[in-house]
Amino acid sequence: MPRTSVAALGILLLAAVASPSGRQNPPAAPKIVHVVAERFSFTPSEITVEEGTVVELRLTSDDTAHGFRLLGPGDINVVIPKRRRGDVRVTFEAKEPGRYTFECSQVCGAGHSFMRGTLRVNAREAGPAARNRYETGERGGGS
Ligand SMILES: [Cu+2]
């Protein structure tokens with residue numbers, strides 16, 4: 001049965017950023033990225049998004065159970081069920097530009113330790129709203 005892990009960091013902040021005067025971005029629909037795991041790779045192994053994108057990963061396996069651990073945003077670590085057992089979905093906001101490694105976190109065979117990929121978060125031109133977001137971001141106002 002599919003498990004959903006939602007690293008909701010910053011979802012509230014997103015709503016705050018979407019409203020100010022300049023641009024009217026509708027509340028962001030997540031960018032859906034399908035990733036297939038099989039011994040011993042992820043396809044795609046490179047995922048590129050723009051800073052601030054809410055990403056929904058839909059992870060499936062073409063063979064045995066694998067893991068998906070993202071070192072960086074969201075502290076994500078999930079088990080991808082084996083072939084034909086559905087997907088696992090993970091949602092996070094790509095808040096900080098940078099390159100992050102993801103890797104298999106379930107020992108799946110001889111090539112397990114090579115089973116990794118890269119999430120690239122490209123910086124967006126910083127406007128006042130973006131700067132503001134970083135200043136208020138980590139503290140998270142009490143709601
Ligand atoms: Cu593995």
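1. The protein exposes about 8400 Å², and carbon and sulfur atoms supply 52% of it. Accessible areas come from the Shrake-Rupley method with a 1.4 Å probe; for residues, only the protein chains shown count as cover.

2. This is a predicted model, in which local features need pLDDT of at least 70 and side-chain atom pairs count only at pLDDT 80 or more, while totals for chains, interfaces and linings use all residues. Residues are numbered from 1 along each chain as its sequence is written, and side-chain values use heavy atoms, with hydrogens and water left out.

3. Two helices and ten strands make up the secondary structure of the protein; helices (H or I, at least four residues) and strands (E, at least two) are DSSP runs, numbered from the N terminus. Along the sequence the pattern reads β-α-β-β-β-β-β-β-β-β-β-α.

4. Of the 143 residues in the protein, 37% are buried. Buried means under 20% relative accessible area, exposed over 50%, and partly exposed in between (1.4 Å probe, protein chains only). Among contacts (heavy atoms within 4.5 Å) between residues at least 6 apart in sequence, 67% join residues at least 24 apart.

5. Strand S6 (residues 66–71) pairs with S7 in the antiparallel sense over five bridges; two strands pair if DSSP finds at least two bridges between them. His66 stands opposite Ile80 in S7.

6. The copper ion is coordinated by Cys104 (SG), Gln106 (O), Cys108 (SG) and His112 (ND1), at 1.9 to 2.4 Å. Donors are N, O and S atoms within 2.8 Å of the metal (3.2 Å for Na, K and Ca); water is not among the atoms, so sites may look incomplete. Along the chain these donors follow the spacing C-x1-Q-x1-C-x3-H.

7. The angles among the four donor atoms run from 84 to 123°, and the site of the copper ion is irregular. Four donors count as tetrahedral if all angles lie between 85 and 135 degrees; four count as square planar and six as octahedral if opposite donors are over 155 degrees apart and all others between 65 and 115; anything else is irregular.

8. Cys104 is buried, with a relative accessible area of 5%, and Cys108 is buried at 8%. His112 also counts as buried, at 17% relative accessibility.
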